Amino acid sequence: MGGLQLPPASPKVKERLTRLEEGENHGPDGADTGVTLFADNPTRRKGEAFRRTALRMLAAGEDEKAAYRLLTRAASLAPSAGVMVDLARCEIRFEHWHARVVEHLKRALQLDPRCEEAWQLLAEYWALRRQPDKYRRTLERWLAAVPDSAAARDELIRLDRLTSAGGFQDPLAEAQKG
């Protein structure tokens, strides 16, 4: 004599429960609402502590690789757009880690599609890699995601000026001149 048999939960319900258990709260459009559920979650607190320690280490000029390891642990314990951007900032300094930069920035934008830091770093990454098409696409997607972004609009205008004046050079070097 079995107990009451319930139908399996729908995939949407399972996904939402998983996000709630992890302490994430996203609005209907998928954007992070900024509200942290279960803020007293010890795992999340530990991840946030790892992030703070790593950022202090980086600011003090201490071992970047040790700070990076702390950020990776923070990302696994308390994933957020900010942690993913921090990881990408570390990775962009080392050529052999460049493949991870895009991966972490895309993850940051999944967590918060309006994260201007992630958009800006992704655009800078493509400019550094001298990929004008990807740079332009990133700027356009940034402006679509954050229509009121003056930074995205200014970068796109500057890119148009640069390309019409003789081709894509290095927009970051040009920005430092002017």
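A crossing of two helices is termed left-handed if the near helix is turned anticlockwise from the far one by less than a right angle, and right-handed if clockwise. In this structure, the crossing of α3 and α4 is left-handed. The model is predicted, so local features need pLDDT of at least 70 and side-chain atom pairs count only at pLDDT 80 or more, while totals for chains, interfaces and linings use all residues. Residues are numbered from 1 along each chain as its sequence is written, and side-chain values use heavy atoms, with hydrogens and water left out.

The overall architecture comes first. The chain contains nine helices and zero strands, where helices (H or I, at least four residues) and strands (E, at least two) are DSSP runs numbered from the N terminus. In sequence order the pattern is α-α-α-α-α-α-α-α-α. Of the 178 residues, 36% count as buried, a term that denotes under 20% relative accessible area, with exposed meaning over 50% and partly exposed the range in between (1.4 Å probe, protein chains only). Among contacts in the chain with a separation of 6 or more, 43% come from residues 24 or more positions apart; contact here means heavy atoms within 4.5 Å.

Ten of its eleven residues are buried, so α4 is largely enclosed by the rest of the structure. The buried residues are Ala81, Gly82, Val83, Met84, Val85, Asp86, Leu87, Ala88, Cys90 and Glu91. Their cover includes α2 (42-59), α3 (64-77), α5 and α6. A charged member of this helix, by class, is Asp86, which counts as buried at 10% relative accessibility. Leaving out residues up to four places away in sequence, Asp86 touches Arg51, Leu55 and Leu71. Cys90 is likewise buried, with a relative accessible area of 3%.

In the contact, Tyr68, Leu71, Thr72, Ala74 and Ala75 of α3 meet Val83, Met84, Asp86, Leu87, Cys90 and Glu91 of α4. These residues divide into eight nonpolar, one polar and two charged, with Ala, Val, Leu, Ile, Met, Phe, Trp, Tyr, Cys and Pro taken as nonpolar, Asp, Glu, Lys and Arg as charged, and the others, Gly among them, as polar.

Helix α4 also packs against α5. The crossing is left-handed. Here Ala81, Met84, Val85, Leu87, Ala88 and Glu91 of α4 meet His98, Arg100, Val101, His104, Leu105, Arg107, Ala108 and Leu111 of α5. By class, this contact has nine nonpolar, two polar and three charged residues.

α5 passes α6 in a left-handed crossing. The contact joins His98, Val101, Val102, Leu105, Ala108 and Leu109 of α5 to Ala118, Trp119, Leu121, Leu122, Tyr125 and Trp126 of α6. It has eleven nonpolar, one polar and no charged residues. Val102, in helix α5, is buried, with a relative accessible area of 13%. Apart from neighbours within four places in sequence, Val102 is in contact with Leu122, Tyr125 and Trp126. Val102 and Ile92 are ten residues apart in sequence and 9.5 Å apart in space, C-alpha to C-alpha.

Two further local features complete the account. Arg130 lies in the loop between α6 (116-128) and α7 (132-145), and its phi is near 55 degrees, a positive value in a residue other than glycine. Most residues other than glycine have a negative phi. As for the cysteines, Cys115 is buried, with a relative accessible area of 9%. The count of disulfides is zero, a disulfide being a pair of cysteine sulfur atoms within 2.5 Å.
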